[in-house]
Amino acid sequence: MHCIQNISKNIIWVGGNDRRLERFENMFPIPSGVCYNSFVIIDSETALIDTVDQSISRQFIENIIEALDGRNLDYLVLNHMEPDHCANIEEIVRRYPNIKIVGNKKTFQMISQFYNFDFHMNMHEVKEGDVLCIGEHSLKFFFAPMVHWPEVMFTYEMTEKILFSADAFGSFGALSGNLFSDDTDFECTYAEEARRYYANIVGKYGQQVQAVMKKLSSCEIKMICPLHGPVWRNNLSYILNKYDLWSRYEPEKKSVMLVYASMYGNTENVMNVIANKLAVKGVKDMHMYDVSKTHPSYIISDAWKYSHIIFASPTYNLGLYYGMENLMKELAALQFQNRKVALVGNGSWAPRASKVMEEIACTMKNVEIIGNPIEITSSMKEEQHKAIDEFVDKIIESMK
Ligand SMILES: Cc1cc2nc3c(=O)[nH]c(=O)nc-3n(C[C@H](O)[C@H](O)[C@H](O)COP(=O)(O)O)c2cc1C
């Protein structure tokens, strides 16, 4: 049975939700599910903006049929060729054989890479800034390479001033009927998941996000329709400002995130001592994570949030405990930058942890290491309180 909703008089949401999928991209846990947004525009001609994941194909096709109300489908605009948004291209072409697929050169290259059907008669290639008029609505195309794949483009509907923004401005989390962010308790329901989505999926491409935001700055935007998560029609500056901050790798919160690995609890114990001392000296709203307990995507999300991070790890086979190595290398791969970090290493016979953590941190741009690492030999000793007090003072000093 169809399940659609108008976002304006002639633009209809035809997307859907998946609450069964365990991991997005088979990597990121999504306890609140995910939604796939797609829209039909009804005008002299009709257009479908993006498709959805194969998991909800049946619902999607029923939605399109209902939204078209007997009309033919003239255009399929593909803003992003990732399979969770393109799984239905072939089915759409089979049902509407004269449809024009609107994409750029790279879009069509990706279609031929992913799929095995002949679409050449259906191609409608656009270039940066091209406008496609379908009646009262006109679609203008802005290329947004590497936000977050090379073929990505944004489609701007010029009459209603709606931006279809591909993966940008999106969030994990299924929709519970309320399509618009202002009809949800966004801060409570989606804000953390929007940052986790950004940091892990788009975070590497801050420069490219800045470039496309600059490109769009001359457009008046009344609504933003991302491919995942709620649609923005009110308080657009909230999400635009977040994207500006995140893509400049600026922290949201002046406080400390503490991240540790620990097999027998000794490194964990030192982190509790450090957090305790920081709290007594007035640092508020800290967050501590065990890398073995929490999926790295959550820690990476909070790394984007916090100004200061303390990493602590035991030595493992002359290297780092691999949960910590994985996390730090992933942060470096995501171009994580502009933070202050402090290190705690542990080892029982040939300590290497702090050295390896320092090497990885040094590959990150504009990441300052505060003071010298705290070195623990198996377990913290009473006489180390003084060194830890000094370590904590240096962190507090760096927060001023
Ligand atoms: C498999 C394994 C490999 C280890 N490799 C090293 C090592 O190469 N060098 C070292 O100094 N300690 C090594 N250790 C010891 C731990 O780093 C050390 O006991 C540490 O103090 C444990 O901290 P924790 O209590 O927080 O788990 C190893 C321990 C294990 C279990």
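Let's begin inside helix 6, where Glu193, Ala194, Arg195, Arg196, Tyr197, Tyr198, Ala199, Asn200, Ile201 and Val202 are buried. Since this is a predicted model, please read every value here as computed from its atoms. Helix 6 spans residues 191–202 and reaches 16 Å from its first C-alpha to its last, close to the 16 Å expected at 1.5 Å a residue. In total, 10 of the 12 residues of helix 6 are buried, so the helix counts as mostly covered, a residue being buried if 20 or more other C-beta atoms lie within 10 Å of its own. The cover over these buried residues includes strand 5 (28–29), helix 7 (206–216), helix 8 (236–247) and helix 10 (296–305).

Strand 14 (residues 153–157) is also mostly covered, with five of its five residues buried. Side chains in a regular strand alternate between the two faces of the sheet. In strand 14, Met153, Thr155 and Glu157 point one way, Phe154 and Tyr156 point the other way, and all are buried.

Now to the ligand. Which residues are closest to the ligand? Among the 18 residues that surround it, the closest are Met263, Tyr264, Asn266, Thr267 and Gly347. Helix 9 (266–280), strand 19 (306–316) and strand 21 (339–347) each supply at least two residues of this shell. Strand 19 gives the most, with three residues. By residue type, the shell around the ligand divides into eight nonpolar, 10 polar and no charged.

Finally, a look at the whole chain. The protein chain has 13 helices and 23 strands, and its C-alpha atoms fill a box of roughly 80 × 40 × 35 Å along the principal axes. Buried residues make up 44% of the 400 residues in the chain. Of the contacts between residues at least 6 apart in sequence, 72% join residues at least 24 apart.

Conventions
Residues numbered from 1 in each chain as written. Predicted model: local features only at pLDDT ≥ 70, side-chain atom pairs only at ≥ 80, totals over all residues. Helix = DSSP H or I, 4+ residues; strand = E, 2+ residues; numbered from the N terminus. Expected span 1.5 Å × (residues − 1). Contact = placed C-beta atoms within 7 Å. Near = placed C-beta within 6 Å. Nonpolar A, V, L, I, M, F, W, Y, C, P; charged D, E, K, R; others polar.
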